[in-house]
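Keep the sequence and the structure in view while reading.

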Amino acid sequence: MDTTNIQNDELILSQRILSGINSSHYQRIGVFVQNEYGKILSAHKESSSLSTLCDFTFGNPHNMALPTFLSSFHKYIEPLNVGWYGYCMATNPNTEPSRQIVALNLSKRFSPLSFQSEDIYLVKGNFGGLYTCISMLLNPNDEVIFPIPAWFCYEAMIISCQGISIEVNINLNTFDLNLDEIKNKISDRTKILIINTPHNPTGKIYSSTTLELLSNILLEEYERRQQKYGQQAQPIWLVSDEAYNNILFNNNKFYSPAEFYPYTFLCYTYAKTLLNPGIRLGYIALSEKVPLNYRLLFQKYLPQTLIVNGFQVPDCVTQYLVQDIEKLSISIDIENLEKKLNSVLDILLSIGYEIPVKPEGTFYILIKSPLEDDQAFCRLLSKYNVLCLPGAVLAIPGYFRISLTANEDMIERSREGFKQAYEEAMSSNSNQAIQSDNK
Ligand SMILES: Cc1ncc(COP(=O)(O)O)c(C=O)c1O
């Protein structure tokens, strides 16, 4: 293929979109999928040996879909009225039961925080929810702070909305937020802070103390702005990415940043709880802690943001079935996920792998790479049919990530591969040490 032509043709594309696509986090994952992961999958497909792979790379399903989810899906495909398959915006009466039960369940879960159905917006998962918040709020050169390592698409979304992405490191000993660094990075131009808890890829749930301290920092900043700009002052908006807020281990308690800081968009996706990310479904929720003037503003403009972004609402049938997911608490088996977590931890720790912080939630375990070069180590693992995500791809070099969405069979089969790759890495480390001693 003549790639010079493609490069010339790219001139017709939107620079705004290209800058998002070319952003570093997005590129790193793209290059990994194209050059490493994709090639391994194709090679195994060609040799009909896909079933020999133990794939821990991404949060994709490796078991059949949940029967309870499927029976609800079938139920709502049957139209109940003539408007059933009509355009299905946020205020459509057919979706009212879904929004009501989300508000009710959130109010029960986070009491005394409460939610009203008119402040619940059904969106296409957290991709949709996060992009809706970012695109609705950002003006060119507004700054958005987020901690790294981070989910790969924050930076691309910010840049493609002409914002400036500002990264802050986490504490690598505890995987906790680095509050001093967040405070230092706040400027007059900071419009949004994105917090992801439980956190992908560390599995950390931020404690109530951490979130309270964070809220104090943001409220102090709002006070400073009020003194400086008076009535024109605007708060920093906290966009809370809670994709995994139902994937909790060991009875760990989850706190939403919305419980502590009033100016918070709570973004949730059903893709994790149901393990079906191909079904684009989630919501944005604003609690009653958000001052009424802002809630009224978003009631007017958030649905319109969804329209001008290209009618970014979930398909009508999926919007209706939210009521069943919520009423029946349809979910993957979290106990079983925790069993898988413990099996993987047993396997890795018995071999000698270092796991700095045991995950408290999410699908993920972050493990120290036995080789300094985590990409080289993941390549070594793949020689033994074990596929993992190198930390460098997620801006945390020196680690690699395992997704617990792999099935039990893959976990059991991976034991030998993890062992052999570890032993090979350790012997190459000691050979290197001998060579450098001899120099
Ligand atoms: C932290 C985080 N945020 C957002 C998303 C996007 O979620 P969804 O695919 O459900 O839109 C993911 C998906 O893996 C994620 O891990």
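The expected span of a helix is 1.5 Å times one less than its number of residues. With that rule in hand, turn to helix α10, residues 292-308, in this predicted model. The helix has 17 residues, and the distance from its first C-alpha to its last is 24 Å, close to the expected 24 Å. Even so, α10 is bent by about 30 degrees at Q299. A proline, P303, follows the bend within four residues. After the helix comes G310, which has a positive phi, near 105 degrees.

Which residues of α10 are buried? They are F298, L302 and L306. An α-helix has 3.6 residues a turn, so residues three or four places apart point the same way. The cover over the buried residues of α10 includes the strands β2 (115-123) and β8 (282-287), together with helix α6.

Helix α6 covers residues 125-137, and C133 is one of its residues. Is C133 buried or exposed? It counts as buried because it has 26 C-beta neighbours inside 10 Å, where 20 or more are required. Leaving aside neighbours within four places in sequence, C133 is in contact with V239, F265, C267 and I284. C133 and T305 lie 172 residues apart in sequence, yet their C-alpha atoms are 8.8 Å apart in space.

Helix α6 also has a part in the ligand site. The shell around the ligand takes three residues from α6, which gives the most to it. In total, 13 residues surround the ligand, and the closest are G125, N126, F127, T269 and A271. Sorted by class, the shell has seven polar residues, five nonpolar and one charged.

The last step is to the whole chain. The protein is divided into domain 1, made of residues 26-55 and 333-438, and domain 2, residues 67-327. Taken over C-alpha atoms, the centres of the two domains are 31 Å apart. Where they meet, 20 residues of domain 1 are in contact with 24 residues of domain 2. On the domain 1 side, α3 (24-46), α12 (334-351) and β9 (364-368) each supply at least two of the touching residues. Of the elements on that side, α12 gives the most, with four residues. By class, the domain 1 side that touches domain 2 consists of 14 nonpolar, three polar and three charged residues.

Terms used:
Residues are numbered from 1 along each chain as its sequence is written. This is a predicted model: local features need pLDDT of at least 70, side-chain atom pairs count only at pLDDT 80 or more; totals for chains, interfaces and linings use all residues. A residue is near a molecule or strand if its C-beta atom, placed from the backbone, lies within 6 Å of it. Ala, Val, Leu, Ile, Met, Phe, Trp, Tyr, Cys and Pro count as nonpolar, Asp, Glu, Lys and Arg as charged, and the others, Gly among them, as polar. The bend at a residue is the angle between axes fitted to the seven residues ending there and the seven starting there. A residue is buried if 20 or more other C-beta atoms lie within 10 Å of its own, exposed if 12 or fewer, and partly exposed in between; C-beta atoms are placed from the backbone. Two residues are in contact if their C-beta atoms, placed from the backbone, lie within 7 Å. Domain bounds come from an automatic or database domain assignment.
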